[in-house]
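Subject: Structure handover

Hi,

Here is the structure I promised you. Please open it next to this email and follow along.

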Amino acid sequence: SVYTSAQPKLDFHATDSIGDEKKALEVVYVSSDMTPEQMTVDMVQNHGQWSAVPFNDTEQRSALKQFFGACAGKEAEDLDMGEGGKVKKKFGIPTLIILDSESGDIVTTEGVKDLEVSGNGALAGWMKRRDDMALAKKKKENIIRYGVPAAVGVAAVGAMFVARKK
C-alpha cells in the first residue's frame, strides 16, 4: 500500500460539510491492494471513513481504472494497460481525480499534488475550478444557441427577439 502526506489532509476535507450538511467532497477509494484483508487494513490505517468500491467487485474496479488510466504498476498488464496495451496508463498510485458530481466532468487529475501544495485550500480551489468550468460551459452553450457570449446575457438575447418583432 502507498501512503502519502496527502491522505490525512484529504481525510480532513472528506469530512467537511457545506450548508445543509451536504458534503463538499465524497471520496471513493478504488483499491489496488492484493487481498480484501490488505484493503481493509489500508482503509483503517490510512484512509479514514471513505466510501470504497468493494474489493470483490473486480469488474467495477477494473473499469474505473481503465476509464481513468490509473492503476498500480503491478496490475497494468492484467488491465491491458501495459506497454502496447489497449488502454494507455496515465497515472500510477496514489492518484486523486476530482469529478463534478453533477456533470461528471473531470475537475482535475492532479488532486494529490493540489493537496500537497495547497493543503486545506485544495477543496476551495477544486470548487472554484468546478464553478469556472460550469460558467465556461454555459457561455459556450449560449454562443452556440444564440450567437452571443453569456456575458451579454439573456436580456440582450431577449432584446434581439423583440427587435425582430418590430
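Is D105 buried or partly exposed? D105 is partly exposed, because its relative accessible area is 28%. Keep in mind that this is a predicted model.

The overall picture

The protein has six helices and six strands. Along the sequence they run α-β-β-β-α-β-α-β-β-α-α-α. Of the 166 residues, 30% are buried. The protein exposes about 10900 Å², and carbon and sulfur atoms supply 54% of that area. Now look at contacts between residues at least 6 apart in sequence: 37% of them join residues at least 24 apart.

Salt bridges

The count comes to four salt bridges. Here are some of them.

D105 pairs with K137, with the closest N and O atoms 3.4 Å apart. K137 sits in helix 5 (residues 122-146) and D105 in the loop between strand 5 and strand 6 (106-108), so this pair ties together parts that are 32 residues apart in sequence. K137 is partly exposed, because its relative accessibility is 41%.

K65 pairs with E75, and here the closest N and O atoms are 2.9 Å apart. K65 belongs to helix 3 (residues 58-68), while E75 lies in the loop between helix 3 and strand 5 (98-99), so the bridge links parts 10 residues apart in sequence. K65 is buried, at 5% relative accessibility. E75 is buried too, at 13%.

R130 and D131 form another salt bridge, with 3.0 Å between the closest N and O atoms. R130 is partly exposed at 27%. D131 is partly exposed at 41%.

A buried serine

Find S31 in the loop between strand 3 (28-29) and helix 2 (36-47). Its relative accessibility is 0%, so S31 counts as buried. What does S31 touch, leaving out residues up to four places away in sequence? The answer is M39, F55, R61 and K65. A polar atom of the S31 side chain also lies 2.8 Å from the backbone nitrogen of D33.

Helix 4

Helix 4 covers residues 111-118, and G111, V112 and L115 are buried there. Why do these buried residues line one face of the helix? Seen down the axis of helix 4, they fall within an arc of 105°, so they line one face. An α-helix has 3.6 residues a turn, so residues three or four places apart point the same way. K113 and V117 are exposed on the other side of helix 4. After helix 4 comes G119, with a positive phi near 55°.

Best wishes

Key: Residues numbered from 1 in each chain as written. Predicted model: local features only at pLDDT ≥ 70, side-chain atom pairs only at ≥ 80, totals over all residues. Heavy atoms only, no water. Helix = DSSP H or I, 4+ residues; strand = E, 2+ residues; numbered from the N terminus. Buried < 20%, exposed > 50% of the residue type's maximum accessible area, 1.4 Å probe, protein only. Contact = heavy atoms within 4.5 Å. Areas by Shrake-Rupley, 256 points an atom, 1.4 Å probe, with all protein chains shown as cover. Polar contact = N/O pair within 3.5 Å; in protein donor to acceptor, adjacent residues only side chain to side chain. Arc of directions from axis to C-beta. Salt bridge = Lys/Arg side-chain N within 4 Å of Asp/Glu carboxyl O.
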